[in-house]
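Reader: I would like to go through the labels attached to this model and ask what each one rests on. Please set the values against the cut-offs.

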Amino acid sequence: MPVHLHALRGVLPETAYAQTRIRDVIRAQPELDRLGQRLTTSIFDHSGIDTRHSVVPDFADGAPAGLFYDPATGGMRRPTTGQRNAYYIEHATPLFVAAARAALEASPQFGAADVTHVITVSCTGFYAPGPDYAIVRALGLSPHTQRFHVGFMGCYAAFPALRMARAFCAADPDAVVLVVCAELCTVHMHSAGDPDTLIANSVFADGAAGVVVSARPPMPGTPALRVDALHSTLTPEGVGEHDMAWTIGDQGYDMVLSTYVPEIIEANLCPVLDDLLAGMPGVQRWADVERWAIHPGGRQILDRVQTSAGLSDGQLAPSRDVLRRAGNMSSATVLFILQDVLTSAAPGDRVAALAFGPGLTVESGVFTVCGGPP
């Protein structure tokens, strides 16, 4: 039974920062020696990012002193993990609700009364009752809506959520699942001179994205993505486990994003792509897949995937564009890219999607564009 992604909608916080602004703030922190300052400049200037959005307004010109930054001294403050999580609760809830509402409103064949399941995804904060509860209340969904939360899995977590939604729809053809990812990565930004922290500070951003999943065929004139296959794999034991990790510290969450990650992904990419090809009869080469949505963990990851798979600049354009204008929004990012892909794709186009996360875990999917003009 075919299952479809009927609408994908991304939502960004109002505050946007030029990459150069955050670079200069980080570079000015007293924890950085001259080497750290030089690394900051190099990492930020070669990130492939122009703009990132954040729920934290503290770094904007003219902003008063806030929880994270004091403009009078130019120093970043050190809120506790509890303070950061409280800030997450306050600001994540509206983003979850906005993304859920945007996706549902973009699906003309579905209304609030049709939704049977809500799956929320986030790795940047926790609270209960959680965002799944908030969505049900805010959108007026049935109190009997089944609710699930995928937590602390990282950048690839949209795929486990989609796999769960697909299973619900396969088991019940009347199921309508609302999947919503929201990440507030910037509430965990802190100052340190080590390369892992500098890289994390240079790429992560805030954003949310929602999608409606069901086994109902799309309405004529309404583009959708048919889910053909979803795959999950780990790199060989001991490879990448300590190069991408996400732990809870006393002053927020600590991200390990080693400079070796692009090399690890490149070295282990071919088996993953071969699995994708196995689900696409008639496709002989990876580059024959018309559309690609690759999670931009960083510019170098996109570079390595493009070279390894022999992809064109056009095939990488949606991934690079989302990275350029919004940064790495963790789990929400691949849904932003799929939304962009769907706006320009033609019925029958095949889409390959990849995301990478702690472990090192590689999640992937194969989709076909359907619907289209009436």
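Reader: Which residue stands opposite cysteine 181 in β8?

Author: Valine 121 does. Bear in mind that the model is predicted.

Reader: What makes β6 and β8 a pair of strands?

Author: Two strands pair if there are at least two bridges between them.

Reader: How many bridges join β8 to β9, and do the strands run parallel or antiparallel?

Author: Nine bridges join β8 to β9 (residues 206-214), and these strands run antiparallel. One of the partners is aspartate 206 in β9, which is bridged to leucine 184.

Reader: Why is β8 called largely enclosed?

Author: Nine of the nine residues of β8 (residues 176-184) are buried, so the strand is largely enclosed by the rest of the structure. Val176, Leu178, Val180, Ala182 and Leu184 point one way, Val177, Val179, Cys181 and Glu183 point the other way, and all are buried. In a regular strand, side chains alternate between the two faces of the sheet.

Reader: Why is glutamine 339 called buried?

Author: Buried means under 20% relative accessible area. Glutamine 339 has 19%, so it counts as buried. The residue is found in helix α11 (residues 333-344). Leaving out residues up to four places away in sequence, glutamine 339 touches Leu8, Arg9 and Gly10.

Reader: Why does phenylalanine 152 count as partly exposed?

Author: Partly exposed lies between the 20% limit for buried and the 50% limit for exposed. Phenylalanine 152 is at 28% relative accessibility, so it counts as partly exposed. Its place is in the loop between β7 (146-151) and α5 (158-171).

Reader: What is phi of phenylalanine 152, and what is phi of serine 330?

Author: Phi of phenylalanine 152 is near 60 degrees, a positive value in a residue other than glycine. For serine 330, phi is near 55 degrees, again positive in a residue other than glycine. Serine 330 lies in the loop between α10 (313-326) and α11. At 2% relative accessibility, serine 330 counts as buried.

Reader: Which peptide bond is cis, from alanine 128 to what?

Author: The bond runs from alanine 128 to proline 129, with omega near -5 degrees. Proline 129 lies in the loop between β6 and α4 (131-138).

Reader: Why is alanine 352 counted as buried, and what is it in contact with?

Author: Alanine 352 is at 1% relative accessibility, and under 20% means buried, so the label applies. It is found in strand β14 (residues 350-357). Neighbours within four places in sequence aside, alanine 352 is in contact with Leu276, Met280, Val289, Arg291, Trp292, Ala293 and Gly365. Alanine 352 and leucine 276 are 76 residues apart in sequence and 7.4 Å apart in space, C-alpha to C-alpha.

Reader: What lines the second largest pocket?

Author: The space in the second largest pocket is about 190 Å³. It is lined by 17 residues, and the closest to its centre are His188, His190, Ala200, Asn201 and Met255. The elements that give two or more residues to the lining are α6 (195-203) and β12 (252-257). By class, the lining divides into eight nonpolar, five polar and four charged residues.

Terms used. Residues are numbered from 1 along each chain as its sequence is written. This is a predicted model: local features need pLDDT of at least 70, side-chain atom pairs count only at pLDDT 80 or more; totals for chains, interfaces and linings use all residues. Side-chain values use heavy atoms; hydrogens and water are left out. Helices (H or I, at least four residues) and strands (E, at least two) are DSSP runs, numbered from the N terminus. Buried means under 20% relative accessible area, exposed over 50%, partly exposed in between (1.4 Å probe, protein chains only). Contact means heavy atoms within 4.5 Å. On a 1 Å grid over the protein atoms alone, a cavity is a set of points where a 1.4 Å probe fits but cannot get out, and a pocket is an open set with protein on both sides within 12 Å along at least five of seven lines; lining residues have an atom within 4 Å of a point. Grid points are joined across faces, edges and corners, and a volume is the space filled by probe spheres set on the points. Ala, Val, Leu, Ile, Met, Phe, Trp, Tyr, Cys and Pro count as nonpolar, Asp, Glu, Lys and Arg as charged, and the others, Gly among them, as polar.
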